[in-house]
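Me: I have a structure to go through. Can you take a look and answer a few questions?

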Amino acid sequence: MVIQTAMSVPDKSEPTKADIQSFWKSLYDSLYEDVDRDLSKQGLLDGLNALEDMFRYRRHLAVVEMPLSDLKGKKVLEIGPGAGGHSALFAKYGAHMTSVDLTFHRARATQAKFDLLGNTAEQCRALQSDAENLPFADDSFDIVYSNGVLHHTLDTEKSMDEVLRVLKPGGRAVILLYCKSSWHYWINMVLAEGLLRGRMFKDRNWLGKATEWGGKNAQTVENPITRCYTAGGIRQLFAKFNDLTLRKGEFYFYLIPKLGRLYRRWQIKRYGTHPGGILVYGTPWPIQSPLELWLGKIMGFGWYISARKPDQR
């Protein structure tokens with residue numbers, strides 16, 4: 001059962017949590033609704049096998065900083081599970097998952113995947129909750145995992161304080177945040193969208209409104225918030241943690257405005273698509289070239305982050 005909570009109505013002069021919910025619910029409908037509606041247990045299991053294979057090819061956070069073989073019996077919190085693909089993968093490997101999302105439909109989709117897994121996920125639950133006010137006791141989880149979510153919250157610093165609070169002493173935070181020192185930020189976003197299209201002169205939240213959309217539906221709701229971080233910004237954000245490690249990933253030529261459309265057609269013809277994308281993107285993933293994988297290490301848009309909560313003395 002997914003627990004739905006009521007939201008207060010704040011001042012509309014700034015982005016609100018209701019705005020965030022509205023965007024991510026709309027994006028859920030565009031990306032995942034059709035996939036989730038027809039998903040069977042066997043389809044989910046096949047999808048999880050493909051998802052793991054795709055993540056290993058990409059050296060993604062979910063299999064490198066989060067070794068799947070180490071998860072059995074661990075209490076893991078995922079903040080922002082999307083449609084539940086990552087959480088279901090961790091549950092398959094024996095993690096006792098708790099998955100929270102501000103958007104009810106995403107929490108419900110995650111719980112539906114736990115239900116399909118049956119006894120494998122009997123220790124797992126999904127609920128609607130706010131990353132800035134997690135409804136859990138201090139020192140509750142062995143791992144807190146979040147893939148590309150906390151930079152979309154109203155208060156990322158407060159969310160990180162909550163991550164620290166709910167981790168057990170010595171527990172790990174495994175988190176992806178967007179990278180400011182990247183090709184995508186400076187060339188695709190700042191130059192092409194911000195300057196040439198003039199977005200940065202019209203709205204201080206222009207970066208959010210220029211990012212994130214996909215799927216079958218035309219976009220009718222704008223993303224309220226996206227933040228990007230330098231390495232120094234990440235170190236400041238994780239200043240209360242120990243054993244911080246950072247690496248970059250996620251470079252795609254097809255994200256280059258205009259020219260990227262031509263590249264994407266060539267890319268799919270040359271390298272094909274991977275079914276591992278269906279559970280997490282709603283569609284097969286266009287396979288990155290070896291050059292893109294290498295460039296991701298240098299100028300990728302994702303920070304793959306691991307850090308530990310200090311042990312109590």
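Me: Is Ser87 buried or exposed?
Reply: Ser87 is buried, with a relative accessible area of 0%. Buried means under 20% relative accessible area, exposed over 50%, partly exposed in between (1.4 Å probe, protein chains only). This is a predicted model, where local features need pLDDT of at least 70, side-chain atom pairs count only at pLDDT 80 or more, and totals for chains, interfaces and linings use all residues. Residues are numbered from 1 along each chain as its sequence is written, and side-chain values use heavy atoms, with hydrogens and water left out.

Me: Which side chain makes a polar contact with the Ser87 side chain?
Reply: That of Glu78, at 2.4 Å. A polar contact is a pair of N or O atoms within 3.5 Å; within protein, one must be able to donate a hydrogen and the other to accept it, and residues adjacent in sequence count only if both atoms are side-chain atoms.

Me: What else does Ser87 touch?
Reply: Not counting residues up to four places away in sequence, Ser87 touches residues including Pro81, Met97 and Phe114. Contact means heavy atoms within 4.5 Å.

Me: New topic. How many residues are in the largest nonpolar core?
Reply: The largest nonpolar core has 42 residues, and Leu48, Met66, Phe90 and Met97 have the most contacts inside it. Such a core is a set of buried Ala, Val, Leu, Ile, Met, Phe, Trp, Tyr and Cys residues joined through side-chain atoms within 4.5 Å.

Me: And what is Leu48 in contact with?
Reply: Leaving aside neighbours within four places in sequence, Leu48 is in contact with Gly85, Ala88, Leu89, Lys92, Leu117 and Leu279.
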